[in-house]
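Please view the sequence and the model alongside the text.

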Number of protein chains: 2
Amino acid sequence: MHSMVNDDGTMRAEGRGAVEAERPGIAEAERLGASTGKVKRRPRGRPRSFDRETALEKALLAFWEHGYEATSVSDLTRVMDIGAPSLYAAFGDKRSLFEEVVQVYGTRYGSFTDRALAEEPTARAAVERVLREAATAYTEAGHPHGCLVVHAAANCSTPEVEQSLRDRRNANIAAFESRIRADVAAGVLPPGTDAAALARHTGAMIQGMSQQARDGASREELEAVAEIAMSIWPRTGTHTG
Amino acid sequence: MHSMVNDDGTMRAEGRGAVEAERPGIAEAERLGASTGKVKRRPRGRPRSFDRETALEKALLAFWEHGYEATSVSDLTRVMDIGAPSLYAAFGDKRSLFEEVVQVYGTRYGSFTDRALAEEPTARAAVERVLREAATAYTEAGHPHGCLVVHAAANCSTPEVEQSLRDRRNANIAAFESRIRADVAAGVLPPGTDAAALARHTGAMIQGMSQQARDGASREELEAVAEIAMSIWPRTGTHTG
DNA sequence: TCATTTCTGTAGCGACCACTAGGGAAATGT
DNA sequence: ACATTTCCCTAGTGGTCGCTACAGAAATGA
């Protein structure tokens with residue numbers, strides 16, 4: 001009973017013309033390809049009655065807050081405001097939906113690490129920015145606290161799902177390590193620097209901060225933690241120590 | 001079908017004497033009060049056929065590995081090797097069993113923080129010992145990696161359970177903070193020290209190291225992380241800086 | 001108008017969840 | 001021997017899980 005249904009449970013039986021004019025929005029905009037300019041032929045049959053991206057975002061927030069397993073398909077259909085068959089038709093099964101959610105999360109909320117590593121001149125500056133932005137991102141209003149990648153597959157009885165997020169976490173640490181190694185090779189960091197340990201320390205800090213955010217820490221408190229954590233870095237500028 | 005049951009599913013109908021001699025161990029030892037010397041009257045009816053502590057330890061390991069919700073009562077009865085009614089009779093419901101497990105975990109596996117805070121002369125020494133012992137404890141063979149208190153109630157749809165472990169985590173951080181504050185007051189740490197932030201940093205490190213242990217980090221790797229983390233502390237001995 | 005295609009809601013699948021009634025079995029005290 | 005107490009096993013309870021068969025509704029092209 002979402003829409004288009006009267007209180008007595010029967011479908012509306014208005015004239016065709018009136019129904020056509022009632023919801024021209026979604027498929028119409030997609031046909032015109034408004035932003036991309038790509039002209040997409042409207043598919044043959046009945047178009048779906050909900051916006052796929054909006055529904056996906058709702059699923060993202062639900063998974064973020066409660067995790068993969070604690071979020072039931074029933075929960076999902078409720079917050080997405082669609083029926084179960086529509087969910088399965090549009091997103092495959094629950095696991096596929098979660099994978100898509102993780103991907104969207106990565107580009108939408110979890111990209112600050114990649115951006116910092118790409119844009120900052122040194123590993124240290126990148127890590128400092130990552131920790132500072134994590135303090136903000138993990139406590140922002142409008143979405144659950146902490147990091148979906150850290151928490152959403154904890155205690156998950158589907159090993160593939162748990163492993164998939166674990167891989168993402170470890171890949172992040174590997175990215176830190178290679179960036180640090182590059183700075184060591186370039187003489188920005190001292191030759192004896194243990195890049196692996198430094199990278200793992202950074203990963204542990206991020207994950208610990210995420211847990212702290214879930215446990216109620218504020219942005220200011222996490223920023224103070226981040227600042228303390230940054231004091232481990234050797235005090236070198238761009239010259240070898 | 002655990003014991004005392006034949007392959008055809010019928011109960012054994014041997015002579016009374018033989019049955020009595022078959023399992024004298026558990027209740028007998030309890031009656032004698034072997035270690036404590038306390039003489040405990042054997043209770044009136046049929047004694048339970050399993051050792052309560054052993055079963056509790058099995059439940060502890062199961063909850064530790066899979067978390068509160070992902071560990072089903074069916075899982076528990078299997079690893080504890082008892083029937084569901086026996087579990088409910090001996091431990092109450094699933095939540096009571098988990099609470100008891102958490103308590104046992106605290107005294108059995110998670111007491112190194114309290115011990116370090118009580119025994120070490122300075123906050124810094126205590127934290128250093130905590131991080132070092134965490135590196136060992138979180139990667140020990142014979143039990144799941146990481147900390148039960150950190151992970152077992154993640155994504156838990158029973159808010160009270162989740163909150164209960166959250167309270168334990170935050171209580172640990174509060175303990176760090178008051179210990180640090182004491183050192184600041186005593187002049188062991190500089191007057192400007194931000195005790196709250198330092199304590200939260202320590203908590204985040206522990207939680208991050210626990211996550212790392214779950215993600216496959218070795219003891220040596222965690223020790224390296226701990227050593228790096230200790231470099232944030234002001235370089236003072238027992239004299240004011 | 002009409003066949004075709006696709007979506008949507010209903011209604012329910014088998015499996016598992018936490019939990020328990022009830023009866024027989026095994027200990028007790030007398 | 002016998003009543004009493006307590007435990008354990010069998011066999012379920014109602015509820016929720018992820019998922020889907022089916023039929024009608026709403027779009028298409030001809």
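R179(A) is buried, with a relative accessible area of 17%; buried means under 20% relative accessible area, exposed over 50%, and partly exposed in between (1.4 Å probe, protein chains only). The side chain of R179(A) meets that of D183(A) in a salt bridge at 2.6 Å, N to O, a salt bridge being a side-chain nitrogen of Lys or Arg within 4 Å of a carboxyl oxygen of Asp or Glu. D183(A) is buried too, at 4% relative accessible area.

This is a predicted model, in which local features need pLDDT of at least 70 and side-chain atom pairs count only at pLDDT 80 or more, while totals for chains, interfaces and linings use all residues; side-chain values use heavy atoms, with hydrogens and water left out. Residues are numbered from 1 along each chain as its sequence is written, and chains are lettered from A and ligands numbered from 1 in the order in which they are written.

**Fold of chain A**

- Chain A has 12 helices and zero strands, where helices (H or I, at least four residues) and strands (E, at least two) are DSSP runs, numbered from the N terminus.
- Of the 241 residues in chain A, 43% are buried.
- Among the contacts of chain A with a separation of 6 or more, 64% join residues 24 or more positions apart; contact means heavy atoms within 4.5 Å.
- The accessible surface of chain A is about 12600 Å², and 51% of that belongs to carbon and sulfur atoms; accessible areas come from the Shrake-Rupley method with a 1.4 Å probe, and for residues only the protein chains shown count as cover.

**Symmetry**

- Chain A superposes on chain B by a rotation of 180 degrees with 0.0 Å of shift along its axis, at an RMSD of 0.1 Å. That is the relation of a two-fold axis. The copies are superposed by least squares on the C-alpha atoms of residues with pLDDT of at least 70 in both.
- G208(A) is the residue of chain A that comes closest to the rotation axis, its C-alpha lying at 2.1 Å.
- The copies meet through the same surface, because 97% of the interface residues of chain A are also interface residues in chain B.

**Interface between chain A and chain B**

- Contacts join 37 residues of chain A to 36 residues of chain B.
- The buried area between the two chains is about 2800 Å², with 53% from carbon and sulfur atoms; buried area is the accessible area (1.4 Å probe) that two parts lose on being put together, summed over both. N155(A), R200(A) and D215(A) supply 23% of the area that chain A buries against chain B, more than any other three residues.
- There are six salt bridges between chain A and chain B.
- The rule finds 12 residue pairs in polar contact across this interface, both residues at pLDDT 80 or more. A polar contact is a pair of N or O atoms within 3.5 Å; within protein, one must be able to donate a hydrogen and the other to accept it, and residues adjacent in sequence count only if both atoms are side-chain atoms.
- The elements giving two or more residues to the side of chain A that touches chain B are α3 (52-66), α9, α10 (159-185), α11 (195-214) and α12 (219-230) of chain A. Of these, α11(A) gives the most, with 13 residues.

**Residues around the α9 end**

- H151(A) lies in helix α9 (residues 148-151) of chain A and is buried at 6% relative accessibility.
- Not counting residues up to four places away in sequence, H151(A) touches S210(A), Q211(A), R214(A) and N155(B).
- N155(A) lies in the loop between α9 and α10 of chain A and is buried, with a relative accessible area of 10%.
- Phi of N155(A) is near 55 degrees, a positive value in a residue other than glycine. Most residues other than glycine have a negative phi.

**Charged pairs**

- The structure holds 30 salt bridges over all chains.
- R179(A) and D183(A) both lie in helix α10 of chain A, four residues apart, about one turn of the helix.
- R95(A) forms a salt bridge with E99(A), the closest N and O atoms being 3.7 Å apart. R95(A) is partly exposed at 32% relative accessibility, and E99(A) is partly exposed at 44%.
- R166(B) forms a salt bridge with D215(A), with 3.2 Å between the closest N and O atoms. The pair joins two chains, because R166(B) lies in helix α10 (residues 159-185) of chain B and D215(A) in the loop between α11 and α12 of chain A. Both R166(B) and D215(A) are buried.
- A network of salt bridges links E119(A), E120(A), R129(A) and E133(A).
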